[in-house]
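Subject: Structure handover

Hello,

Here is the structure for you to open. Please keep it on screen while you read my notes below.

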Amino acid sequence: MNFALTEEQRMFRRMVREFAENEIGPRAEQIDASDEFPLDIFHRMGQVGLLGLPFPPEYGGSGADYHSMVIALEELARVSGSMAITLDAHASLCCEPIYRFGTEEQRKKFLVPLARGERIGAFGLTEPQAGSDAGATQTRAERDPQTNEWILNGQKIFITNGSIADVVVITAKTDPGKGTRGISSFIVEQGTPGFRPGRDEKKMGLKGSVTSELFFDDCRIPADNLLGEENQGFKQFLVTLDAGRIAIAAMAVGLAQGAYEKSVDYAKSREQFSQPIANFQAIRWMIADMATEIDAARMMVHRAAWLKEQGEQFTKEASMAKLFATEMSERVCRKAIQIHGGYGYVREYEVERMYRDQRLCAIGEGTNEIQRLVISREVLSR
């Protein structure tokens with residue numbers, strides 16, 4: 001395995017970094033302060049090809065490898081966690097299952113405009129009684145034999161991009177007596193009668209990202225909106241979450257990288273006792289630990305991405321990358337605030353926002369407690 005970036009990937013990293021710094025960076029604090037979802041930035045991400053990165057051009061994508069997706073998420077998160085998680089939910093959680101499990105007609109109808117950034121995507125899995133226990137979903141889907149439509153009833157919560165999404169991939173029970181083997185996936189479009197968004201959550205961090213409730217009240221969708229085979233939804237979303245865990249890990253690395261860079265610059269410029277605080281061993285050791293842990297996490301993320309690209313099994317590696325990278329990000333961002341001292345606790349300095357934004361990484365795409373369960377199960381089953 002050679003994780004050295006190709007010249008094309010290095011050029012791509014520079015492009016995304018410039019985009020993030022020039023078009024998102026100047027507004028990152030204002031987006032956080034106002035709880036604003038910057039729709040214009042989302043559309044610009046589509047115009048430069050970020051929203052459909054790993055999908056073929058015939059489906060509106062950029063035809064890039066999955067490493068490019070990891071690079072993009074890291075570079076966006078380095079400047080704005082909100083825009084990184086928006087891309088994650090849109091591409092990894094909504095577009096990916098449509099591309100992987102959808103019919104040719106579904107790809108053309110839904111994936112093409114999503115990948116181009118003409119429409120916004122979301123993934124509806126979590127429910128009030130189905131968080132870590134995702135198989136406990138209570139949303140129901142019943143077929144109407146007269147119209148051959150599916151009728152959806154239920155509620156989803158904590159859905160990234162939820163209220164602004166044009167297309168949502170959701171899970172629902174189609175055969176309740178079969179447990180996890182009786183869950184199916186469906187594509188639901190905004191404006192469908194019986195489908196309505198609830199409140200947008202007020203959150204600790206990632207305030208430029210929309211997180212919503214979704215309600216389905218006798219929501220009728222065409223039979224053709226079943227995604228993949230009936231009763232295979234549980235298997236589908238496990239596969240989807242494996243890729244999503246790589247994505248959230250890449251986001252955690254980016255947030256840590258941003259906080260680390262801010263800390264290095266601050267340590268060089270901040271003087272105490274007539275010298276830069278970077279001269280003090282306590283600060284130097286914190287910076288050394290930050291740099292080491294970020295590098296280790298990045299390698300784990302790239303290994304998981306490489307396995308995915310090779311078509312190899314990557315469940316354990318994705319969970320390991322997610323577990324280590326997200327807990328690393330918390331440690332790095334905490335050290336960043338400590339290095340900044342009192343300034344790190346006020347909004348004027350960006351590390352405060354980065355610390356709040358990274359906290360979701362250890363929860364989303366399966367809590368880190370679930371990651372430990374997944375890793376131990378994979379190890380002990382061999």
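Gly258 lies in helix α7. Helices (H or I, at least four residues) and strands (E, at least two) are DSSP runs, numbered from the N terminus. At 3% relative accessibility, Gly258 is buried. Buried means under 20% relative accessible area, exposed means over 50%, and partly exposed is in between (1.4 Å probe, protein chains only). Gly258 and Glu74 are 184 residues apart in sequence. In space they are 9.4 Å apart, C-alpha to C-alpha.

Before you go on, note that this is a predicted model: local features need pLDDT of at least 70, side-chain atom pairs count only at pLDDT 80 or more, and totals for chains, interfaces and linings use all residues. Residues are numbered from 1 along each chain as its sequence is written, and side-chain values use heavy atoms, with hydrogens and water left out.

Now compare Ile221, which is found in strand β7. Ile221 is buried too, at 1% relative accessibility. Ile221 and Ala249 are 28 residues apart in sequence. Yet 34 Å lies between their C-alpha atoms.

**The core**

The largest nonpolar core has 73 residues. A nonpolar core is a set of buried Ala, Val, Leu, Ile, Met, Phe, Trp, Tyr and Cys residues joined through side-chain atoms within 4.5 Å. Met45, Leu50, Leu76, Leu87, Ile246, Met251 and Ile339 have the most contacts inside this core. At least two core residues come from each of α1, α3 (39–47), α4 (66–79), α5 (81–101), α7 (233–269), α8, α9 (315–340) and α10 (351–358). Helix α7 gives the largest share, 16 residues.

**Helix α8**

Helix α8 covers residues 281–309, which makes 29 residues. What span should it have at 1.5 Å a residue? The expected span is 1.5 Å times one less than the number of residues. That gives 42 Å, and the end C-alpha atoms of α8 are 42 Å apart, so the two agree. Just after α8, Gly311 takes a positive phi of about 75 degrees.

Asn148 is a residue other than glycine, and its phi is positive, near 65 degrees. Asn148 sits in the loop between β2 (140–144) and β3 (149–160). Its relative accessibility is 41%, so Asn148 counts as partly exposed. Asp218 is not a glycine either, and has a positive phi of about 50 degrees. Asp218 lies in strand β7 (residues 211–221). With a relative accessible area of 54%, Asp218 is exposed.

**Cysteines**

A disulfide is a covalent bond between the sulfur atoms of two cysteines. Cys94 is buried, with a relative accessible area of 0%.

**Empty space**

Rolling a probe the size of a water molecule over the atoms shows where empty space is left. The search uses a 1 Å grid over the protein atoms alone. A cavity is a set of points where a 1.4 Å probe fits but cannot get out. A pocket is an open set with protein on both sides within 12 Å along at least five of seven lines. Lining residues have an atom within 4 Å of a point. Grid points are joined across faces, edges and corners, and a volume is the space filled by probe spheres set on the points.

The whole structure has one cavity of 30 Å³ or more. The largest cavity holds about 40 Å³ of space. Its lining is Ala28, Ile31, Asp32, Ser80, Ser82, Arg353 and Asp357. Helices α2 (28–34) and α10 each give two or more of these residues. Of the elements, α2 gives the most, three residues.

The second largest pocket has a volume of about 190 Å³. Its lining includes Glu8, Phe12, Met15, Val48, Leu53 and Asp65. Helix α1 (residues 7–24) gives the largest share of that lining, four residues.

Best wishes
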